[in-house]
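Begin with strand pairing, then move to the domains and the chain interface.

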Amino acid sequence: MNARPLAFALASVVMLAACGGKQEPELPAPEPAPAPVATAPTGPNADSAAAAERERLERERREREAALAGAVGTDLKSMIHFDYDMADVRADDAANLDRKAAILAANPGVRVRISGHADERGSDEYNLALGMRRATAAKRYLENKGVEGARIEVVSFGEERPLAAGADEAAFANNRRDEFDVTAGGTNLVAPQ
Amino acid sequence: MRLVLKYDPGARPSLVVTPGTGLDSARAILRRDLDFSDRFETVILPEASGTLSGKAGAFNYDLYRKLGAAYAVELADVGGRAQVRLHDLAAGKVAAQVETVFSPATDPGFRMQVHRISDEVVRWITGTPGIAATRFAFVAGGRVYVVDNDGVNLRALTPESATSLSPTWSPDGGRIAYTRLQDGRGPIMIQPIAGGAATPVPGTNAGLNITPAFSPDGNLLAYSSSTEQGTNIQVANVAQNCCVQRLTVGRFADNLSPTFAPDGGRLAFVSTRAGPAQVYTMGADGTDAELFVPFDFGVTGSTNAPEWSPEGTMVAFHREVSGSPQVFVMDVSGRRVRQLTSSGRNEDPTWAPDGRHVAFVSDRSGRRQLWVIDIDTGRTRQLVTPGAARLPAWSRRLK
């Protein structure tokens, strides 16, 4: 079990070595972060201003989802999965993340949020930390492929948001995952060359 | 009141709560509290045993001795006051007594008043107060609930809008700290039990902050801050709302679930520094870390959720055994580990203030519910909660 941190370190080295021969893609400056949403306006127009703001956010969310319904969006949002109690990116997910890295390179305004999830078996609280490690592992992988870290936010839900109900191996395997959400710049996605 | 009786902690003396007229609600609570203290063999009286009470003023020691009881607890209404008397049946005399005025049985404070009397009776006999005047906090459906030890006065403490996790009591029982998980991140909030606004703990406004634990004096809160730099334990001064100090630095390890020793000098915590999650200790300043709960590398399952016992002599935790978590205790001086459960999944133990009862979550009845075990006798009982319950925290005795 001591091999876990070591394996992670080795994987990072391998990834670095793998992309060492290639030219780092030029990344234009990312879009500024979206304005904070939760600032509560005050005064007589507060309610209507808040309603308008909610409407705008909802419209943007719908536009983003429509845009992400295409193949590029689907690839960007597709999940990766993990072995039990592990946070190493699996070999069979490398192509998935490579594709994401290419999409992110072709769409420099896009920002993503990676959320790490766990199955229900481990300790509830430990799983929150495990989910954070899983989200961070995917972020590190994408960074090693040249994606600027500031474009990627990581969060963890532990075992609090299972996708699959049930207490069998298939459900567990589905729930040990990273989800990818586009938080900005998701409209007019361009396919990578 | 001075302790007047000799109590052998290895034995369970038999005890009877005598019937009487009036104060029926209080007597029922007292009887249940003394039973659930697990300190006594409680004698169940036959139906229509009212005659046992004998004539007014004269306590019938002979009759109760014939039931095999060592002690009798008498609750009587004396001119509007509740008089509680402990009879030492062998000596044939009143060993201790107290008078009090109970609120009406419909009053919200009534049951807790009786629980305090029950705890006092346990103290008269054993030297250690009972655990009836306590509460549980737990998580159900993503909200923190608080309920009295006897399952009464259940109420939700946190809003529906967020997933609340890992409640923990302040030592005075007046506040609960918990993680408010929202969109995958979250602060630790402190919520007064009596109501009012929850306030965020310093250092927890960014990232995901989990597993809070108060220091024994209530001034500090230790917790884990989980970011892409790792999961590390910090401590904040919640009395002065300041002064966040980081205690662990683990680049590839998670460090979480801190729990203070009762003298405040050390913390136990979970770390993945050697691979699987295991329990370590460190000084309250983060120095001098060492392995705490022994394990066989590559054999022992991962170990989580430690909680130091109120007297500091034991630590409870859960550990994976053949794929299921089981509740264990370890005595701190000898580092000997004892498994308390084996049926189903049993996890997240929390100590009662008497240091011999442990509440935990078990799915042995089909879904996750709270159970209590007396670690001296092995006697176990279920606490009935609405829906699935998890992450329990047992309060100290409530004044």
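Two strands pair if DSSP finds at least two bridges between them; helices (H or I, at least four residues) and strands (E, at least two) are DSSP runs, numbered from the N terminus. The model is predicted: local features need pLDDT of at least 70, side-chain atom pairs count only at pLDDT 80 or more, and totals for chains, interfaces and linings use all residues. Residues are numbered from 1 along each chain as its sequence is written, while chains are lettered from A and ligands numbered from 1 in the order in which they are written.

In chain B, strand 21 (residues 303-308) runs antiparallel to strand 22, joined by 4 bridges. W308(B) is opposite V315(B) of strand 22. These two strands make a hairpin with 5 residues between them, and G312(B) in the turn has a positive phi of about 85°. On to the next pairing: 8 bridges connect strand 22 of chain B with the antiparallel strand 23 (residues 324-331), where V327(B) faces H318(B). This hairpin has 2 residues between its strands, with S322(B) in the turn at a positive phi of about 50°.

Chain B is assigned domain 1 (14-126) and domain 2 (137-394), with bounds from an automatic or database domain assignment. Their C-alpha centres are 36 Å apart. Between them, 5 residues of domain 1 contact 7 of domain 2 (contact: C-beta atoms, placed from the backbone, within 7 Å). Helix 3 (residues 110-126) of chain B gives the largest share of the domain 1 side, 3 residues.

Across the chains, 21 residues of chain A contact 27 residues of chain B. Helix 5 of chain A supplies the largest share of the chain A side, 9 residues.

Definitions and conventions. Contact = placed C-beta atoms within 7 Å.
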